[in-house]
Amino acid sequence: MFFKIKKLISKLTCISLAISLGCSFSVPAVRADTSPYTEFEICNREGGMGNCGGQGGNYTHWAHRLDMFKDDILQAFKFLNGKRIIICSNDSAFLDNFKVLKPEFDIVHKDSIESVNFANYDYVIDTIYAPPFLQTVYKSKNVISFIEVYKSILYEKVLQFFKDNKIQYYFFEVPEKSKLKNLDDFEREMFSGKCPSNMEETREVESFSEILDKLFPDNQRCRDYLMNFDYSQIQHYNNGRYKVRMDGSNDYNNVVNGVRITPDMPENFRNKAHFFGTCTVAGHYVTDEFTVTNYMQKRINEHFADTYGVVNYGTTFDDSMNDFERMLDTAYKPGDVVININHKSCPVFCKIAQKHGIEMTETSQLFSRPHDHGYCMFDDPAHLNDVGNALIADFVYSRIKDDLARQIEISEDAEIKFEHVKKDVGLTQQTKELDAYVKSLNKIKLEDAESKNIGSIVMNCNPFTLGHRYLIEEALKRVDHLYIFVVQEDMSVFPFIDRIDLVKRGTSDLRNVTVLPSGSWIISTKTFPEYFSKERLQAMTIDPSIDVEIFGEHIAPALGIKIRFAGEEPLDQITRQYNRAMAEKLPIYGVGFCEIPRLEIEGAPISASMVRRLIGEEGGLDLLHKYVPQSTLDYLRLKKGPPYKVARSENPKVSVIIPIYNAENTLHKCLQSVVNQTLRDIEIICVNDGSKDSSLSILEQHAAKDERIIIIDKKNGGAASARNAGLDAATGAYLEFVDSDDWIDEKTCEINVKCADENNADIVVFGAWYIDVPLHKEYHYGPKATYYFHGNGVLSFLDQEGIYSVIWNRLYRRDMVVASGVKFNCALRNKDDTCFNLDILPSVNNAVINPEIYYYHIGDNHGIERTANYEQTLQQDRVIIEHFYNAWHCPRLLQYAFIADSALVGLANWMGNVELKNKGATEDVIADLLKAVDMLISQGAKAEIL
């Protein structure tokens with residue numbers, strides 16, 4: 001047993017060490033005489049391929065890539081015919097497709113290259129690790145990186161596509177530190193770390209205001225933006241093939257459908273100038289109007305009015321593959337131009353660009369001194385201020401202005417897209433949430449849906465008015481059944497939980513109507529963020545196509561919806577554009593669209609905004625009977641005007657406890673998922689554990705709308721301390737713990753409370769979807785089937801995978817917890833949840849396991865508090881193992897999953913942690929721990945472990 005553990009440690013250590021190698025290595029090219037695609041050189045610029053030291057950040061969904069370029073890949077691997085091949089891949093779909101493509105290969109599959117015996121094979125094809133790791137560790141082996149094969153094909157195909165379709169492509173290299181000449185003392189100080197790249201850290205630098213004085217001497221708007229910089233505004237998601245900006249909207253930084261808004265874009269234009277690239281394009285340190293793309297739009301407007309709209313696809317990832325993957329999914333017209341601003345760091349790309357006659361134009365000379373531009377750059381030459389962005393825009397414009405005039409002459413109206421691109425890419429692939437939502441809709445689909453005319457309406461109902469009621473009645477005249485989706489995003493005056501209740505009460509007398517929450521996929525900040533900033537964006541042209549396409553392709557088929565209704569919109573420009581998009585796009589998916597004239601009172605259409613205005617006016621409540629049904633009127637009179645809070649009951653059914661530490665980027669989503677529970681009778685205990693960011697402010701904003709939110713603000717004491725504070729304050733019949741970077745299904749409390757009540761259960765354990773961010777993996781966590789345990793049978797909990805290790809996928813009866821006296825162990829900096837669960841087991845009489853997924857957990861090492869002290873972690877692991885073995889005399893506690901989680905993963909992390917100071921002492925702890933485990937096994941647990 002001891003040697004088995006050491007062998008596994010060795011394997012994990014190799015992985016960890018590989019990850020720590022980084023990507024600052026250059027490698028020899030594979031021989032060029034084997035195939036036209038085998039000159040696979042790698043990026044030797046540090047960080048040039050993102051997370052490429054170990055498992056590649058974007059290197060997933062290879063099956064889809066294989067399908068797109070199968071003929072070219074067959075050609076690339078033609079020289080392997082008759083060879084003994086092994087493929088290292090964790091993508092079963094890729095393997096199946098590859099076997100179909102190359103049945104003559106003698107293909108063997110391995111999950112990892114570490115276990116390959118190279119002597120048995122002629123070539124190894126790897127799809128898991130990025131080239132720097134492969135070419136450094138296995139440089140003497142016949143290892144082929146599928147990533148490099150794919151990249152060479154990708155660049156060739158996209159550039160040829162541009163050439164064939166009259167689309168002009170340009171490449172500009174971002175300013176490079178090594179090419180900047182004659183920097184002054186301030187610039188050298190900035191590049192040496194005086195201004196950290198993390199803006200939160202930057203604001204803590206004593207001289208930050210002085211830095212802003214030099215970088216923005218005449219731009220107060222950008223100064224205000226950076227003083228209130230919110231990292232949630234520059235978050236990205238990985239859609240399976242490339243990174244895309246997350247949508248978001250505020251006064252400074254607006255991203256719609258992954259594209260940053262260009263404020264000066266004309267409402268009507270013939271063609272587009274598509275900007276792809278890294279931070280220089282994205283403009284994270286300036287507001288919308290001072291980006292490179294908006295300056296470029298201004299130049300074009302001055303000389304070519306209403307010809308080009310400039311589109312900003314910028315990200316923070318200086319990876320040419322990321323740019324080209326996005327180009328592959330973009331629609332163009334002949335006459336468009338594509339401007340790529342990035343690092344010239346990938347030899348494969350440089351070689352193919354040279355083949356196509358593309359000039360690699362440098363921009364560093366713009367910022368080499370002497371010049372009179374003042375200061376332009378933050379901590380990195382690619383991070384520019386407004387002056388630097390204007391210089392880049394002027395330079396790019398001067399280089400392409402003649403081509404712009406020629407391109408507009410060959411403009412055509414027909415939109416074209418790369419022929420191999422499947423339509424269902426992008427946002428709809430980013431998460432399993434959409435699949436889960438669609439499955440929940442499938443469960444309520446009418447049995448005879450195919451034979452009926454089924455319609456739908458999406459409403460915000462802020463609040464529910466007679467206008468909404470009229471629209472529903474008119475729609476019902478045209479269909480057999482009507483689904484009403486109430487916008488679930490809590491960005492309105494009235495909270496969602498009240499809005500959906502008002503719709504249900506206001507339609508309770510109507511037959512063939514089903515009222516549903518919209519989830520995160522219909523008019524949400526994810527799919528249609530402009531909807532929640534309509535007042536500010538009225539003059540802008542927006543693109544709501546993602547929202548409409550998701551509805552047409554996924555949601556409508558799930559319920560058999562054949563037509564969607566909406567009210568005519570005479571005033572709101574954003575809603576009018578949304579209606580127009582539905583009319584154009586829904587028929588593509590076999591869904592009709594019908595606009596119904598608005599109900600008018602005294603010559604004016606009824607609107608929710610009119611009702612809200614009346615509420616605030618003196619005597620307004622007395623006039624509301626003209627505009628709202630009785631159920632809404634009763635509600636408004638009860639509320640007696642703003643603020644409109646959700647009331648809290650004296651004896652809530654569930655106490656939801658959320659420990660919070662520096663969670664500003666995830667807290668809103670977490671809270672919204674709890675606030676929107678279909679079981680309204682809950683209290684939400686938020687324990688702010690000494691956060692240094694804006695978490696407390698976010699809590700206060702939500703609490704202003706919802707009386708069920710209770711805020712406990714305390715000094716930092718760790719996750720266990722925060723959970724204990726929540727326990728002490730809880731008054732609910734049941735307890736539910738939610739981490740601040742996770743979220744829960746809207747029916748989590750309702751379904752599991754029902755399950756507990758029906759079975760008199762002390763604990764209900766339910767399924768979760770575990771999203772492992774660093775490894776880009778997602779999987780079902782927890783039980784796989786339904787079980788019931790009674791009396792002593794509860795001990796068999798320990799036989800169920802994932803039953804005892806976490807607290808967030810379960811519901812506890814509070815009386816049982818209080819009677820047990822069990823609290824979270826504040827002396828433990830991790831595993832406090834494991835200990836809590838094991839300590840509580842003697843008090844559990846009945847338990848239920850519900851495999852349905854109700855919890856979404858982000859495994860990204862950014863929870864309330866994590867420790868990097870592996871010596872301490874390993875000491876705690878030993879204490880936990882010995883404590884519970886001695887207390888329970890239960891060999892099951894030593895099963896393999898527990899040991900791997902507690903000890904071996906920690907060991908692998910330790911072995912890869914080059915900054916660990918006291919390695920000698922830690923080695924003693926490791927040896928001591930393994931001896932303790934080996935001793936316990938010899939006492940009788942051996943048969944039940946491996």
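Student: Leaving aside its neighbours within four places in sequence, with which residues is Ser631 in contact?

Tutor: Please bear in mind that the model is predicted. Ser631 is in contact with Leu502, Arg505 and Gly506, once its neighbours within four places in sequence are set aside. Ser631 itself belongs to helix H22, which covers residues 630-639. Its relative accessibility is 14%, and because buried means under 20%, Ser631 counts as buried.

A further relation takes us to another region of the chain. The C-alpha atoms of Ser631 and Phe464 are separated by 9.1 Å, although the two residues are 167 positions apart along the chain. For the protein as a whole, 78% of the contacts with a separation of 6 or more are between residues 24 or more positions apart.

Let us follow the chain around Phe464. A cis peptide bond joins Asn462 and Pro463, with omega about 10°. Pro463 lies in the loop between strand E14 (454-459) and helix H17 (466-476). Thr465 then caps the N-terminal end of H17, where a side-chain oxygen of Thr465 lies 3.1 Å from the backbone nitrogen of Gly467. Helix H17 is largely enclosed by the rest of the structure, because eight of its eleven residues are buried. Among the buried residues of H17 are Leu471, Ile472 and Leu476, together with His468, Arg469 and Glu474.

Another cis peptide bond is found from Arg369 to Pro370, with omega near 10°. Pro370 is placed in the loop between strand E13 (360-362) and helix H15. At its start, a side-chain oxygen of Asn385 reaches to within 3.2 Å of the backbone nitrogen of Val387.

The interior comes next. In soluble globular proteins, nonpolar side chains tend to be buried together. Here the largest nonpolar core has 50 residues, and Leu226, Phe275, Met296, Ile339, Ile341, Phe367 and Val396 have the most contacts inside it. Helix H15, residues 386-409, gives the most to this core, with ten residues. Ile341 shows how parts of the chain meet: among the residues it touches, beyond those up to four places away in sequence, are Phe172, Val174, Phe275, Phe276, Ile392 and Val396. A second, separate core has 45 residues, including Phe77, Phe146, Met327 and Ile416.

Strand E10 (residues 271-277) and strand E11 pair in the parallel sense over five bridges. His274 has Val311, in E11, as its bridge partner. Strand E11, residues 308-312, is largely enclosed by the rest of the structure, because five of its five residues are buried. In a regular strand the side chains alternate between the two faces of the sheet. In E11, Tyr308, Val310 and Asn312 point one way, whereas Gly309 and Val311 point the other way, and all are buried.

Asn253 is found between strand E7 (243-245) and strand E8 (255-256), and it is buried, with a relative accessible area of 0%. Its side chain makes a polar contact of 3.0 Å with the side chain of Tyr225 and another of 3.2 Å with that of Arg245. Asn182, by contrast, counts as exposed at 56% relative accessibility. Asn182 lies in the loop between strand E5 (168-173) and helix H7 (185-194), and its phi is near 60°, a positive value in a residue other than glycine. Asn662 also has a positive phi, near 50°. It is placed in the loop between strand E21 (654-660) and helix H23 (667-675), and it is partly exposed, with a relative accessible area of 31%.

Finally, these parts may be set within the whole. The protein has 31 helices and 30 strands. Of its 946 residues, 59% count as buried, and Ser631, with which we began, is one of the buried residues.

Definitions and conventions. Residues are numbered from 1 along each chain as its sequence is written. This is a predicted model: local features need pLDDT of at least 70, side-chain atom pairs count only at pLDDT 80 or more; totals for chains, interfaces and linings use all residues. Side-chain values use heavy atoms; hydrogens and water are left out. A nonpolar core is a set of buried Ala, Val, Leu, Ile, Met, Phe, Trp, Tyr and Cys residues joined through side-chain atoms within 4.5 Å. Buried means under 20% relative accessible area, exposed over 50%, partly exposed in between (1.4 Å probe, protein chains only). Helices (H or I, at least four residues) and strands (E, at least two) are DSSP runs, numbered from the N terminus. Contact means heavy atoms within 4.5 Å. A polar contact is a pair of N or O atoms within 3.5 Å; within protein, one must be able to donate a hydrogen and the other to accept it, and residues adjacent in sequence count only if both atoms are side-chain atoms. Two strands pair if DSSP finds at least two bridges between them.
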